[in-house]
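Morning, everyone. Please take a look at the model on the screen, and then I'll walk you through it.

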Number of protein chains: 2
Amino acid sequence: MTNRTTEEPAAGRRMRPDVRRSLDALLGAAAEVFEAEGVDVPVRRITAKAGVGAGTLYRHFPQRSDLITAVFRNEVDACAAEAPALAARYEPLEALRRWLYRFTRFIAAKQGLKAALHSGDSAYESLPGYFRERFVPALTQLLDAAAAAGDIRSDVPPYDLLQALGSIIDPDDPAYTGRMVELIVDGLRYRAAPGA
Amino acid sequence: MTNRTTEEPAAGRRMRPDVRRSLDALLGAAAEVFEAEGVDVPVRRITAKAGVGAGTLYRHFPQRSDLITAVFRNEVDACAAEAPALAARYEPLEALRRWLYRFTRFIAAKQGLKAALHSGDSAYESLPGYFRERFVPALTQLLDAAAAAGDIRSDVPPYDLLQALGSIIDPDDPAYTGRMVELIVDGLRYRAAPGA
DNA sequence: AACAATACGGAACACTGTTCCGCTTTTGCA
DNA sequence: TGCAAAAGCGGAACAGTGTTCCGTATTGTT
């Protein structure tokens, strides 16, 4: 895997080769280190692995969260993209349930990501924005379909659910996480408008 | 308020007066600083306010969480103690709902406490233990009563609920928090065993 | 080939939590 | 009461963090 960065050459200008090298090295190193040790890893470990100075990292990623979103962008998109696929293959309620599981597994797999999302630390400020932007439309589609089918209520804001599930998730206890997904789905079903 | 520490003189021995002085100063300073700036405040701020050295703090509270539990002990107990009171005054389901609100408000009021509870940081290890020990019995009573009345299902572990609510709470958005409490209560009602 | 613009590396800084130790206070005992 | 031993104290010192800054190296342009 050549690991080319997806970063756009700002304003049409070609990217300097040394910039591309550092960027690729940083993203590659960060991906490996995040996977192994979580997103809370010290910056020095990333720069060392990338063979790059601290200044280089901060010029490209002024906020820590910029690096994280860059690293996880593809996987976030993939998770969001599964919503339409599930909606096509399953009944509305079942599609919703499956995607919620998929979502929890995604967050749980990224060590420390959950804490970063909800830390309130200003270094992670831009992180929820990207997640919201991608996941809300995906979930909205599933909720609308299930509500139209009369399976669930329609007055719960999608972002509420993402926020709530994203907080609840315990990466070390998938069984507990699963029980809570079911409990919340049941909560959605409690006041379903019958028929469609 | 004289702010005498509640710490027991270990093994019956009387407490040295200088120990009592440092302990009281630390607990008083920590309480004020936690209130104003949250539990994540640097230790130096606490020791400075208490007029005490760092060594003194660490001898009395080897873990950061020891200081936090000591400071919040009374309030935790007060919150737990409201469960029986509510159970006596309201219908089972209403008592449960009210206590859950009370619980969320308690956690939300303590800046940074929520993050500390779920941070996974070893410095906060002993924190969930105390909370669990106090809150689980309180909540169990309410859940059992509501289940016996046929209002809610009976297969949800109390600690699951505490954990889930404790994570969901957003101190800056009480409305959202309230919606989630209601959603979870509805989830509990969805599979209620009818009658009692 | 020479120059300007850009980016690089890593030392330096500021701020954490935590440990360690010389000194002071208190206690127990004669 | 006087005095040695024990216990506790304060704060300097250490280690590890994120972040900035700047002299040097690389690249694009003429």
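How many nonpolar, polar and charged residues does the surface near DNA strand D have? Keep that in mind while you look. This is a predicted model. The surface near DNA strand D has 9 nonpolar, 6 polar and 7 charged residues.

Now, who comes nearest? There are 22 residues around DNA strand D. The nearest are A:Gly55, B:Ser22, B:Gly53, B:Gly55 and B:Thr56. Next, the elements. Chain A gives two or more residues from each of α1 (17–37), α2 (43–50) and α3 (54–60). The most comes from α3(B), with 4 residues.

Let's turn to the two protein chains.

On to the contact. Chain A puts in 17 residues, and chain B puts in 17 residues. On the side of chain A that touches chain B, α8 (158–168) and α9 (174–190) of chain A each give two or more residues. The largest share is from α9(A), with 9 residues. By class, that side of chain A has 9 nonpolar, 3 polar and 5 charged residues.

One last point. Of the interface residues of chain A, 100% are also interface residues in chain B, so the copies meet through the same surface. Thanks, that's my part.

Key. Residues are numbered from 1 along each chain as its sequence is written. Chains are lettered from A and ligands numbered from 1 in the order in which they are written. This is a predicted model: local features need pLDDT of at least 70, side-chain atom pairs count only at pLDDT 80 or more; totals for chains, interfaces and linings use all residues. Two residues are in contact if their C-beta atoms, placed from the backbone, lie within 7 Å. Ala, Val, Leu, Ile, Met, Phe, Trp, Tyr, Cys and Pro count as nonpolar, Asp, Glu, Lys and Arg as charged, and the others, Gly among them, as polar. A residue is near a molecule or strand if its C-beta atom, placed from the backbone, lies within 6 Å of it.
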